[in-house]
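Open the model in your viewer and keep the selection tool at hand. We will go stop by stop, picking residues and looking at what surrounds them.

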Amino acid sequence: MGAWYWIGVSAGLGAAAGIFVAGLSARALVLAAAVAAAAGLGVGFAIDAWQPGGWGDVIAGAIGGFLAALGSAVIVRGALRRGGTRGGTAILVALAALVAAALAFVPVVGYLEPIALALFAGRLRRSQPERYAGLRTLAK
């Protein structure tokens, strides 16, 4: 495979790391995003040492981890706010991270994972009602 494939794998595995980290610490969003970016960097360096790709692997892994952590944190926060338990949510998110890691090896899908998560989280965030709407929501 060419370098383009391994760069996509780096982005997808970075996204899987971001999903996993967000599942563990969705409340500390900045910390989760930083740890996920660092994990993506590590994945990128590991793939760069093994297959051709150069700095593209490293950058794609970091960006994938960062975007996926931001996107997944919105989903995890919503699940916890709606009554999900921390342990159950963490297990489900860890399983989703394993699926994302497996999908990273499908050509081109690794590029799409972090982008799709970020877009999905943005859409979820826009569709949420005001936090303290109170009785004003009944007046509509």
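Select Trp4, Tyr5, Trp6 and Trp50: together they form one aromatic cluster. Keep in mind that this is a predicted model. In the whole structure there are four aromatic pairs.

Start with tryptophan 4 and tyrosine 5, which make an edge-to-face pair.

Now show the surface. Is tyrosine 5 buried or exposed? Tyrosine 5 is buried, because its relative accessible area is 10%, and buried means under 20%. Tryptophan 4 is partly exposed, at 44% relative accessibility.

Next, select tryptophan 6 and tryptophan 50. This aromatic pair is also edge-to-face, with 5.0 Å from centre to centre and 70 degrees between the planes. Which helices hold the two residues? Tryptophan 6 sits in helix α1 (residues 3-24), and tryptophan 50 sits in helix α2 (residues 29-50). The pair therefore ties together parts that are 44 residues apart in sequence. Check the surface again here. Tryptophan 6 counts as buried, at 9% relative accessibility, whereas tryptophan 50 counts as exposed, at 59%.

Met1, Trp4, Val108, Tyr111 and Leu112 form a nonpolar patch on the surface. Together they have about 530 Å² of accessible area. Methionine 1 belongs to the segment before α1. Is methionine 1 buried or exposed? Methionine 1 is exposed, because its relative accessible area is 67%, and exposed means over 50%.

Move to glycine 2, also found in the segment before α1. Glycine 2 is partly exposed, with a relative accessible area of 26%.

Now select glutamate 113, in helix α5 (residues 109-127). Glutamate 113 is buried yet has no salt bridge. How far away is the nearest side chain of opposite charge? That side chain belongs to arginine 123, and it is 20 Å away. A salt bridge needs the charged atoms within 4 Å. What does the side chain of glutamate 113 reach? It reaches the backbone nitrogen of alanine 104, at 3.4 Å.

The next stop is threonine 89, in helix α4 (residues 86-103). Threonine 89 is buried, with a relative accessible area of 9%. Show the side chain of threonine 89 and the backbone of threonine 85. A polar atom of the threonine 89 side chain lies 2.7 Å from the backbone oxygen of threonine 85.

Finally, zoom out and colour by secondary structure. How many helices and strands does the protein chain have? It has five helices and zero strands. Follow the chain along the sequence and the pattern reads α-α-α-α-α. Along its principal axes, the C-alpha trace spans about 60 × 30 × 25 Å. The protein chain has 140 residues, and 38% of them count as buried. Tyrosine 5, tryptophan 6, glutamate 113 and threonine 89 are buried residues you have already visited.

Definitions and conventions: Residues numbered from 1 in each chain as written. Predicted model: local features only at pLDDT ≥ 70, side-chain atom pairs only at ≥ 80, totals over all residues. Heavy atoms only, no water. Phe/Tyr/Trp six-rings, centres within 6.5 Å; stacked < 30°, edge-to-face > 60°. Buried < 20%, exposed > 50% of the residue type's maximum accessible area, 1.4 Å probe, protein only. Helix = DSSP H or I, 4+ residues; strand = E, 2+ residues; numbered from the N terminus. Patch = residues over 30% accessible without salt bridge, like charges linked within 9 Å, V, L, I, M, F, W, Y side chains within 5 Å. Areas by Shrake-Rupley, 256 points an atom, 1.4 Å probe, with all protein chains shown as cover. Lys, Arg positive; Asp, Glu negative; His and termini not counted. Polar contact = N/O pair within 3.5 Å; in protein donor to acceptor, adjacent residues only side chain to side chain.
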